[in-house]
Amino acid sequence: MPIILENVSFSYSRKTPLETLALRDINLRIEKGEFVGILGEKGAGKSTLTKLLNGLLKPETGTVRVDGLDPSLREAKRRIGMVFQQAADQLFCKSVYEEIAFGPQNFGYSKKETEERVYEAIEAVSLDHSILSRDPFSLSGGEMQRVALASALALRPDYLILDEPITGLDPVGKKEILDALKKVKDMGTAVITVTHNLKGFFPLLEKIVLIKEGRIVFQGSRESYLRKECVPLPPIASIMKELRARGIPVNPEVFTVEDALEEILKVKFALEKEKQ
Amino acid sequence: MIRLEEVSYSYPDGTPALENINLTVKKGEFLGIIGKNGSGKSTLALQLNGLLKPQTGRVKIRGMDTRDPSKLPGIRKLVGVVFQNPETQFVGRTIEEDLAFGPENLCLPPVEIKKCVDMALAETGLQKYKYRSPKTLSGGQGQCVALAGILAMSPECLIFDEITSMLDPESGKAVLETIKKLHKKGKTVVYITHNLEELYDADRIIVMEKGKIRLEGEPESVFSNPSLQALGLALPSVIELAELLKTHGMVIPWEKTFSPKSFAEELCRLFLKT
């Protein structure tokens with residue numbers, strides 16, 4: 001069963017002079033096990049969309065269903081994990097163990113079951129067991145973000161929603177989170193992330209949703225996204241696009257350094273051959 | 001302008017943050033400082049205007065030693081710092097009030113304070129927001145207010161500690177453009193980041209790791225240094241591609257790597273030559 005949004009619209013400060021329409025006519029379907037990137041400029045409505053997915057906000061019109069359930073129901077909440085941009089904002093316990101155990105305890109799982117889930121979660125994000133006794137606020141940014149991620153994973157969600165999970169981290173911290181997310185996805189959880197970081201996320205994304213001024217202007221596979229005009233692209237894909245615009249026949253689906261090198265060398269060899 | 005001699009500093013829990021740093025920041029320079037988390041960048045920033053003092057060695061700001069408490073007001077007037085999270089440095093109810101806080105503390109007469117505030121608003125393009133509360137702004141605007149708050153005190157040197165890392169790319173670029181404009185007008189800028197891409201046109205870059213300066217030089221030489229990755233930094237993918245192309249005899253000049261368009265144009269030129 002998927003997450004389904006039908007004709008969803010949402011405004012902030014409704015029925016006041018400050019009313020602003022954040023999202024309109026959103027139709028979206030997210031399947032289990034997908035890796036989805038929600039892209040768009042600041043203020044496009046990306047974060048609002050994530051809050052509608054997990055029931056923090058209720059749609060003004062239209063419906064949101066998580067496996068057929070209203071997302072504000074407790075059972076739906078268990079199926080959806082959420083990680084915010086600044087991990088420090090969602091940590092509040094004295095030790096990492098308590099932090100990760102908080103969710104399972106709240107859902108009434110036994111002590112043994114909770115412990116099992118804490119260890120499972122900590123391993124999923126590749127953190128050492130020794131971290132469990134530490135104070136979450138003594139950790140590095142990347143570690144804190146992984147603890148926030150583990151806390152969400154401890155409920156074994158079917159869908160994991162993240163809002164800019166690698167912003168503010170250094171390259172090492174970014175890679176740690178990306179690796180952890182890949183692992184989570186491979187275990188069958190859908191990963192839905194809002195991001196501006198095309199370079200980091202692009203290799204992982206299977207489906208892309210581009211939002212502009214509150215509307216979905218594109219949704220589809222990464223491959224079809226790369227072929228579209230006027231969308232934000234990772235730097236290497238932009239170079240490939242510029243080359244095609246100049247009549248050089250390079251593969252439009254290329255976005256990694258290695259593939260780009262191969263494409264460019266192919267053109268070079270073809271030209272050399274022609275000359276001979 | 002700023003000179004660090006043999007500066008070492010450890011935090012109270014014993015973690016060494018800086019070891020034997022020798023560094024001179026020249027007047028009018030745009031100096032980029034880069035390094036992964038925990039490399040000592042922010043500790044270094046705090047040393048540059050006396051918020052932290054060296055345990056060994058000395059930091060001198062135009063000859064004034066930061067360990068001399070009587071010199072601190074003079075130092076703070078010369079060097080201003082903007083941090084990662086602007087909300088932690090707002091004090092006023094409106095932006096105008098917030099910007100007046102610095103000059104007020106410098107005991108300037110009200111007429112002068114108004115001049116300082118108006119100048120700071122103009123430099124950052126915030127005039128139309130002057131009666132708004134700083135808390136109602138977007139992240140990028142918030143950083144501009146924090147920057148304006150420092151500008152109102154007319155420092156000669158501005159230190160920025162990862163100010164764009166929580167912003168989206170567009171807002172980050174806008175803030176960086178404002179800073180570059182100020183640099184062109186003669187301000188000395190020390191810009192700390194872990195995003196190499198922001199330092200393309202810095203005058204000089206230093207790379208830090210474990211409290212030490214590991215690399216130093218112009219952007220071109222630093223970006224093409226093979227040890228960057230070992231220092232925990234990611235090369236921009238465009239530079240990575242340019243470096244790989246070089247090994248196949250296709251040389252893309254440094255300044256052509258700044259935009260996808262110029263990169264592609266240069267490639268086409270190379271194709272024509274073959």
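**View 1. Two domains of chain B, with C-alpha centres 33 Å apart.** Here the C-alpha centres of domain 1 of chain B and domain 2 of chain B are 33 Å from each other. Domain 1 covers 2-235 and domain 2 covers 236-274, with bounds taken from an automatic or database domain assignment. This is a predicted model, where local features need pLDDT of at least 70 and side-chain atom pairs count only at pLDDT 80 or more, while totals for chains, interfaces and linings use all residues. Residues are numbered from 1 along each chain as its sequence is written, and chains are lettered from A in the order in which they are written.

**View 2. Where the domains of chain B touch.** On one side sit 7 residues of domain 1 of chain B, in contact (C-beta atoms, placed from the backbone, within 7 Å) with 6 residues of domain 2 of chain B. The domain 1 side has 4 nonpolar, 1 polar and 2 charged residues. Ala, Val, Leu, Ile, Met, Phe, Trp, Tyr, Cys and Pro count as nonpolar, Asp, Glu, Lys and Arg as charged, and the others, Gly among them, as polar.

**View 3. Chain A meets chain B.** Now 30 residues of chain A are in contact with 30 residues of chain B. On the chain A side, α6 (171-186), α9 (235-245) and α10 (257-275) each supply at least two residues; these helices are DSSP runs (H or I, at least four residues), numbered from the N terminus. The most comes from α10(A), with 10 residues. By class, this side of chain A splits into 14 nonpolar, 7 polar and 9 charged residues.

How values were computed:
Two residues are in contact if their C-beta atoms, placed from the backbone, lie within 7 Å.
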